[in-house]
Amino acid sequence: MRVITQQRLGGPEVLTIVDAPEPQPLPTEVLVRVKAIGLNPLEALVRAGESPPLLGRPPFVLGWDISGVVEEGSLTYRFRPGDEVFGMPLFPRAASAYAEVVSAPALHLVRKPASLSHVEAAALPVVGLTAWQGLVDLGGVREGDRVLVHGGGGGVGHVAVQIAKALGAHVIATASGSKRTFVEGFGADEVIDYTAVDFTEAVRDIDVVLDTIGGDTVERSLDVLRPGGHLVTAVAEGDTELVATYEAAGMRFSGIAVDPDPVALRGLVELVEQGRLRVHVRETFPFERVADAHRMLDGGHLQGKLVLTV
């Protein structure tokens with residue numbers, strides 16, 4: 001099989017395609033013939049050595065989001081050969097998903113609904129699980145809550161808007177003016193152009209803030225929460241000073257360390273099947289053009305997701 005690996009840290013040019021033996025599944029794993037691979041900004045940071053070294057030193061194979069077809073079920077009862085599945089196996093350990101074949105714990109995968117293509121399914125797990133765990137598991141969003149999603153036009157953000165709406169919340173999102181129509185199309189009740197308006201002057205009495213931006217956005221979000229409100233962040237979870245600041249103000253502060261959760265994955269599938277959730281794929285790239293895809297990742301400010309096809 002072919003895999004995309006790197007021998008050193010650096011720019012997209014360090015990603016190379018090589019031949020490798022197929023992995024051998026353990027008793028609770030399945031062998032998946034990959035059809036599509038979702039790309040995430042974290043992978044560009046790991047590639048360049050600009051994030052915590054999740055995968056150690058090179059050589060390593062990036063990637064976690066996959067959709068494909070089960071080839072071998074080993075001893076697991078969950079899937080049979082021919083089943084179409086998708087998921088985010090093993091995160092944050094190496095799943096080596098930039099490959100034609102992946103061995104993954106069966107518990108970390110779910111059946112792909114017929115309404116999702118492999119490309120769409122591969123785009124969903126990391127962003128969908130991050131949004132679900134932030135809003136449902138940590139945020140406890142309920143009907144009637146006021147939810148503010150920072151970065152509503154991004155990968156996590158546009159999915160979070162839809163999940164919050166499905167939970168019955170009034171959803172406000174920050175995004176650049178050029179993404180207003182895009183974000184409104186996913187159901188946001190209000191969109192704040194952060195390039196023209198200070199969100200702290202535009203909203204109040206927020207029950208839950210979901211942050212995907214970081215920086216001073218997290219600290220400033222304290223001003224828009226109602227008493228006892230909750231800030232959930234996907235990018236500043238390790239900031240102990242912010243935790244103390246929020247707690248001193250009587251607010252809650254939580255960080256998301258996304259887990260490969262089959263219960264949440266099935267929740268996402270249910271929303272997809274109900275027509276209440278869709279994932280936007282900004283562009284697809286063939287396996288051989290992974291460096292081009294990573295150059296786009298490096299550019300930032302993407303609408304939705306990028307996907308490799310295999």
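Lysine 179 is buried (under 20% relative accessible area, with exposed over 50% and partly exposed in between; 1.4 Å probe, protein chains only) yet takes part in no salt bridge, and aspartate 193, the nearest side chain of opposite charge, is 11 Å away. A salt bridge here requires a side-chain nitrogen of Lys or Arg within 4 Å of a carboxyl oxygen of Asp or Glu; Lys and Arg count as positive and Asp and Glu as negative, while His and the chain ends are not counted. The model is predicted, so local features need pLDDT of at least 70 and side-chain atom pairs pLDDT 80 or more, whereas totals for chains, interfaces and linings use all residues. Residues are numbered from 1 along each chain as its sequence is written, and side-chain values use heavy atoms, with hydrogens and water left out.

Lysine 179 sits in the loop between strand E9 (170-175) and helix H5 (180-184); helices (H or I, at least four residues) and strands (E, at least two) are DSSP runs numbered from the N terminus. Beyond its neighbours within four places in sequence, lysine 179 has contacts (heavy atoms within 4.5 Å) with Gly153, His301, Leu302 and Gln303.

The buried residues of H9 are Pro262, Ala264, Leu265, Gly267, Leu268, Val269, Leu271 and Val272, and they pack against strands E5 (84-87) and E7 (109-111) and helices H3 (125-138) and H4 (155-166). After H9 comes glycine 275, with a positive phi near 75°.

Valine 69, in strand E4 (residues 65-72), is buried, with a relative accessible area of 18%. Leaving aside neighbours within four places in sequence, valine 69 is in contact with Leu31, Val32, Arg33, Lys35, Gly82, Asp83, Glu84 and His118.

Turning to the whole protein chain, the secondary structure comprises ten helices and 15 strands. Of its 310 residues, 55% count as buried. The radius of gyration is 19 Å, in agreement with the value near 19 Å for a compact globule of 310 residues; this radius is taken over C-alpha atoms, and the globule rule is 2.2 Å times the number of residues to the power 0.38.
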